[in-house]
Amino acid sequence: MYFRVLILVLSVFSLPFLAGAADVPLVTLGGEVGAADKASINRFRSLPYDSLPWIRADLSGEKASEFDEAGWGHILFRPFKNYSGDISGRFIEIMAMNARGDYNVHPAFKELLAELPKHQRPGGYFAASGLIDWQKPIDHKDIYKSTMMPALWGNARLLCGLVEASRAFPDDAPLLAMARRLGDFYVGLIPRFADPARMSDYTGGDTYAAGYVTCYFPAMEGLVKLHTLTGEKKYLETAITMAAFYKQFDRLPIDHAHGMLCNQVSLVLLYEATRDVSYLERVEKRWDELVTGGYVNPAGGILEQCKVKFGRDEGCAIADWFRLNLALGRVTGKARYWEMAERTLHNHFLQNQTPKGGFGHRGMLCDQAGVHGFEGSIEEAVWCCTFHGQLGFVNLRSHLLNRSEADLICNFALDFTAKYADGTAVSEIRPVAAAGEVLRQRIRLDGLPATVLRVRQPHWANAVTAVATDGSALPLVTKDGFCATARPVSEATFIYAGGIYAEDRRCKRLPAGPVAGEACVIGYGPKLLAAQGRTAAVPTWPTTIEALKAQGLEPFPAALRGKECCFVSGPLSLAVSAKPVWDTSPITERYPYVSTGSFTGPAEPLSPDPPVAKGGADG
Ligand SMILES: [Zn+2]
């Protein structure tokens, strides 16, 4: 009896906290990032996304319009129906995550969900080409003609979409039933696709977009999420088995950064679901390899193929790297992940956005050390990157604030409004008021009780101070890279002080400035300094923002999204090796690979097949 009373009392006392923790705010981004998010959302209100047949053609196999085969230049061209569930699943995923309980989030959304059950095959999977005999050897052909692996890729994206839709519409029983049937399909595939005796089948193709390693393992993400939603152990156990089998294929370089990074996101989710630190250790080790190895460029982006040099990037891979860093920041609290997410957002991610708001492939300027700039050309990938770009914004919105009983943590100095059930938190970037200030961020609470406000001290800020509404100094307590008001407040303006800094090409600060004779990267606040053209001279050091502007270097402006530009100053190693590789700039053709299925010109060979582990799945 006393015990029950105690529980009741505890429940009552913990209610406000529980309500707060479960209360996901409705976030609206402002400023440059908010405009980019809005453009990304609006992109789905025009061709080809106003065509339901175009969206669902990877489920139905139907002819969406007379322009299905029109080629890359036509907006209604419908490629990749063999990637069943890819376009349709990505569409469902982001619309569900933005729906806030409203089926009318997009004109095609409700109808697509309603007719989904008729497209689900008896085995639980979706396939535009009809029934697939999964026991047959893998049909390794290419991204256009292969059937099995592309369908696995697409179904993995659709599983994420169905889980998010089920989460958004918890009363929609048919939706959840479909998600479970698709999850059960992957549960049943374990003996077929995670079988150490069939390694030659798995390694019989490459590791590009229709490869086994690219297409099979990303289902881990949806499976862990389905377990979280339903509590069903079998989905988690399947993801655990896949993660163990994946280990032997997971190495660098690899030909598909997007697939590899989806898997790293899955491993973080597995860590959260199991608390088994070995998953987190794998991802953190991979993070180190990517950054110190130059796979991640100074602008915080990554290329389509996960290599130091390649001719183009991919919006999906950049968005995955972004959401991976957000996830790592969330689970570890380590500053380096928040810093990388901020770097990616302000530099490469925004630079990958097309004028219409979509995302895609931008030509890259590379020398022997990696990316040093971007080409002026960008091609929207309407079948993948435009969706994943919006997924990046969805993830950003959910990682801006962390509200608890004790405080309100703000991870980014950005403009936004976050509406909770009981009030609103507003973050505004304000003009600087004195020399040495990089930016000011005012956070005020409207309707929310006063609390301790805690902001992250970014790597580009030498010091963070704060003032109250009346301009008087607010004492801050700095701990673990975060600065918190010493007492609960309803408003504070945080002042980030700093200056121009130099880094090497691996994101490492050069405290004494550029090293004579070596290339470097210049930064100011969260943005790198970039200049139009292919090269920029190293400025005399120390320098001022005015001197840099006079030299053509500016904190990465939106105006450079469509122009050839560089963010590495100083000497490049452009020497072409005796045997030229395809990714040596300049690219002479914009999209040689999509039209033929293979790269034209001198090709950099695909990465070698994954090493075949001897004697077991966990090699
Ligand atoms: Zn893409």
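**Exercise 1. Find what follows helix H3 and describe what H3 packs against.**

Step 1. Gly-61 comes after H3, and its phi is positive, near 75 degrees. Helices (H or I, at least four residues) and strands (E, at least two) are DSSP runs, numbered from the N terminus. The model is predicted: local features need pLDDT of at least 70, side-chain atom pairs count only at pLDDT 80 or more, and totals for chains, interfaces and linings use all residues. Residues are numbered from 1 along each chain as its sequence is written.

Step 2. List the buried residues. A residue is buried if 20 or more other C-beta atoms lie within 10 Å of its own, exposed if 12 or fewer, and partly exposed in between; C-beta atoms are placed from the backbone. In H3 (residues 52-60) the buried ones are Trp-54, Ile-55, Arg-56, Ala-57, Asp-58 and Leu-59.

Step 3. Find their partners. They pack against helix H4 (86-99), helix H5 (109-119) and helix H6 (148-168).

Step 4. Take H4. The angle between H3 and H4 is about 125 degrees, and their axes are 6 Å apart. Axes are lines fitted to C-alpha atoms, for helices over the stretch in contact, and angles run from 0 to 180 degrees between N-to-C directions. H3 is therefore oblique to H4. Under 35 degrees counts as roughly parallel, over 145 as roughly antiparallel, 65 to 115 as roughly perpendicular and the rest as oblique.

Step 5. Name the contact. H3 gives Ile-55, Arg-56, Asp-58 and Leu-59; H4 gives Asp-86, Ile-87, Ser-88 and Phe-91. Two residues are in contact if their C-beta atoms, placed from the backbone, lie within 7 Å.

Step 6. Sort these residues. The contact of H3 with H4 has 4 nonpolar, 1 polar and 3 charged. Ala, Val, Leu, Ile, Met, Phe, Trp, Tyr, Cys and Pro count as nonpolar, Asp, Glu, Lys and Arg as charged, and the others, Gly among them, as polar.

**Exercise 2. Describe the packing of H11 and H12.**

Step 1. Helix H11 (residues 233-246) and helix H12 (residues 257-274) meet at about 130 degrees, axes 11 Å apart. The pair is therefore oblique.

Step 2. The contact uses Leu-236, Ala-239, Ile-240, Ala-243 and Tyr-246 of H11, with Asn-263, Ser-266, Leu-267, Leu-270 and Ala-273 of H12.

Step 3. By class, the H11 contact with H12 holds 8 nonpolar, 2 polar and no charged residues.
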